[in-house]
Amino acid sequence: DALQRPNTPTMVMASYDINTSVITVVWQAPSPTASCTANIMNYIITVMDQNSPANITVSPDMTSVDISELASDGTSIVTNEQYTITVSASSEAGSSGPSAPVIVNNFILQSCVVTSPSVGTVNVSCDSSHQIQVTVTCTSCT
């Protein structure tokens, strides 16, 4: 029997830490398709900004990674940028398809320190692409 490519990783999630400028990506390893599924050799995390994709390869025993740079030339994760992230598994039989894309927005709308906010409303909704949108409206900010 010929070896089969691995299934696609699932449950991909990503978050941005504003204090460290690091995107953390976590995923669930794919389950084997059959007894002849090739062993996963590595995972490829593709991070796409407005310019071009960057591929980050990690070992098969990992199911999370912290990303602070997009390329060996030191291109850093930057504030006020949107990143689209996918994860795929690679084996000697080939690569899985990419996971469903996850979008990370790390926009800073105001650069001030809020010491005593007064929240007027908090709205949480899910848009047509199943992205959660959170809107916070402050009635005062000191």
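The points below describe the fold, the sheet, the core and a few residues of a predicted model.

1. Basis. In this predicted model, local features need pLDDT of at least 70 and side-chain atom pairs count only at pLDDT 80 or more, while totals for chains, interfaces and linings use all residues. Residues are numbered from 1 along each chain as its sequence is written, and side-chain values use heavy atoms, with hydrogens and water left out.

2. Overall make-up. The protein chain holds zero helices and 10 strands; helices (H or I, at least four residues) and strands (E, at least two) are DSSP runs, numbered from the N terminus. The order of elements from the N terminus is β-β-β-β-β-β-β-β-β-β.

3. Burial and surface. The protein chain has 142 residues, of which 27% count as buried. Buried means under 20% relative accessible area, exposed over 50%, and partly exposed in between (1.4 Å probe, protein chains only).

4. Contact range. Of the contacts between residues at least 6 apart in sequence, 53% join residues at least 24 apart. Contact here means heavy atoms within 4.5 Å.

5. The three-stranded sheet. β1, β2 and β5 form an open antiparallel sheet in the order β1-β2-β5. Its edge strands, β1 and β5, each pair on one side only. From one strand to the next the twist averages 15°, with axes taken as lines fitted to C-alpha atoms (for helices over the stretch in contact) and angles running from 0 to 180 degrees between N-to-C directions. Two strands pair if DSSP finds at least two bridges between them; β1 and β2 are joined by six, in the antiparallel sense. Within this pairing, S15 stands opposite T24 in β2.

6. β6 and β8. Strand β6 (residues 82-91) pairs with β8 over four bridges, again antiparallel. I85 lies opposite V102 in β8. Strand β8 (residues 102-105) has V102 and V104 on its covered face, and I103 and N105 on the uncovered one. In a regular strand the side chains alternate between the two faces of the sheet.

7. The nonpolar core. The largest nonpolar core has 21 residues, and those with the most contacts inside it are I23, V25, W27, I45, V47 and I67. At least two core residues come from each of β1 (10-17), β2 (22-28), β3 (40-48), β4 (53-58), β5 (64-67), β6 and β8. The biggest share is that of β6, with four residues. Such a core is a set of buried Ala, Val, Leu, Ile, Met, Phe, Trp, Tyr and Cys residues joined through side-chain atoms within 4.5 Å.

8. I67 and I56. Beyond its neighbours within four places in sequence, I67 is in contact with S21, V22, I23, V25, I45, V47, I56 and I77. I56 belongs to strand β4 and counts as buried because its relative accessibility is 17%. With residues up to four places away left out, I56 touches Y43, I44, I45, V47, I67 and E69. The C-alpha atoms of I56 and L70 are 7.7 Å apart, across 14 residues in sequence.

9. S90. This residue sits in strand β6. S90 counts as buried because its relative accessibility is 12%. Setting aside neighbours within four places in sequence, S90 contacts P6, N39, I40, M41, N42, I44 and S95.
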